[in-house]
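Open the model in your viewer and keep the sequence panel beside it.

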Amino acid sequence: MPDYRRWICDACGYIYEEAKGDPDSGLPPGTLYEDIPQDWMCPLCGLTKADLRLLPDQPVKTAASRAPARNASAGKGSADTLVIVGAGIAAWSVAEEVRNLDAERPILIVTACEGISYPKPALSTAFAHGKSADDLIDNDAQGKAAELNIEIRTQTRVIKIDPVKKRLTTARGGIQYGQLVLALGARQRELPISGNAADKIFRINDLAAYRKFRQQLQAPVRHITILGAGLIGTEFSEDLTAGGYSVTVVDPAPYPMPSLLPEQVARRLESRLSQNGVQWLFGKTVESLDSGGDKLRATLSDGVAIETDLVLSAAGLVANTQLAEKAGLAVNRGIVVDHQMRSSVASIYALGDCAEVDGRLDAYIEPIRRQATTIAQDVVGQPSHYQPRSPLVRVKTPSFPLTVCLPANTNPNLISSVSDNDDRIEYYDGTQVVGFVLSNEQSRSGAGLYQKIAGL
Ligand code: FE
């Protein structure tokens, strides 16, 4: 068998494994990078073959070629077990990275959900791609666990962590750990909205919620109101408009994605999506939502009411920190960790959307793989150093794609060139390019520029 390699898309975390190929795009298992056609696009974010970066790791071993892990703890853990709480991309990344370094370490994933593995960034563009919730599933929990030779307990909610006894309390019995990884993720912020239909607001934060949302779309739905013009709300607005729905986006900000985009670029995105039919209501909030007959009535902060069939909230993310806080771990906006991804209790790590490093809470895909590698190396006694850096963000709006890397330096020089169709804004610190906002055709060069900035 050839030594298959793995390639990563820095914008979305998609990993092209030569061994697995990309059958959905017509690349059978075993397709080498060299044999990927030039017009292939990342199935999650639309970047190209040239944007993929070779992962410096060993190819993932198949289950058959591995030594059996010493464990079979029947899901109860042991003083030797690495227990991972959560089952998102962060949790699975840690399991994979530890397994790559240590074939025998007992690993147990504990999750309150079904533990299904799927690419979360794909949720906000799945509709236009004609993908149902089931189409997004990579692997079910047991299949993926078997592949990695680890244990998994699904539908098991962790209620309490006892850092002294190294014990978890769950609704289905206690679990012992040697080291613990918190991959608790983040949830959609709940907006203060009154009215008798406030509980009908959808927040899509996982596959189960997406499945419910898609079921709801099968009812006679014509008009959808999206709360929030941030990255997720904007991506959904284009996805659902392309799907034939009439979409209104409500946000108190003056234009879309103000924390990511300079006004000139945001305005261009706004007008491009307007041409596609998106209706924007900026400088406003929804105060209440009431049902009236078979319609919903959303009353805005200016007193105007709009009729709508469905309301989707995408008002930003809040890190899930409650469990850590109750256990006495240091918590700020996220669970505070050091550069080894250790929390204030050395045997407990945290990563992904729930973790805060150097005051940064980067709720993007890019840091997750590096954080998982850092944890794995620490766990096997070869500590490394995680350095936060500005993530590469791909805004998946097909009619006006954007690639953004915000500079850490808050006061950079700005050089911008703008044409009729594109924006190219580069941020400089002295003569060094430290960030960028690229739109439309220009966005294609983002991954290359990012690799230069990040020294990859
Ligand atoms: Fe990608």
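This is a predicted model: local features need pLDDT of at least 70, side-chain atom pairs count only at pLDDT 80 or more; totals for chains, interfaces and linings use all residues.

Residues are numbered from 1 along each chain as its sequence is written, and side-chain values use heavy atoms, with hydrogens and water left out.

**The sheet**

Select β15, β16 and β17, which form an open antiparallel sheet in that order. Strands are DSSP runs of E with at least two residues, helices are runs of H or I with at least four, and both are numbered from the N terminus. Two strands count as paired if DSSP finds at least two bridges between them. The edges are β15 (286–292) and β17 (305–308), each of which pairs on one side only. From one strand to the next, the twist averages 25°.

Now show β15 with β16: six bridges join these antiparallel strands, and D290 has R297 as its bridge partner. Two residues lie between the strands in this hairpin, where G293 has a positive phi near 70°.

Move to β16 (residues 295–300) and β17, joined by four bridges and also running antiparallel. R297 stands opposite E307, and A298 has I306 as its bridge partner. This hairpin has four residues between its strands, and G303 takes a positive phi near 90°.

**The helix pair**

Next select α1 (residues 89–101) and α7 (residues 366–379), whose axes come within 8 Å and cross at roughly 40°. Because of that angle, α1 is oblique to α7. Axes are lines fitted to C-alpha atoms, for helices over the stretch in contact, and angles run from 0 to 180 degrees between N-to-C directions. Under 35 degrees counts as roughly parallel, over 145 as roughly antiparallel, 65 to 115 as roughly perpendicular, and the rest as oblique.

Show side chains for the contact (heavy atoms within 4.5 Å). From α1, the residues include I89, V94 and L101, and from α7 they include I368, A372 and V379. The contact residues divide into 10 nonpolar, three polar and three charged. Ala, Val, Leu, Ile, Met, Phe, Trp, Tyr, Cys and Pro count as nonpolar, Asp, Glu, Lys and Arg as charged, and the others, Gly among them, as polar.
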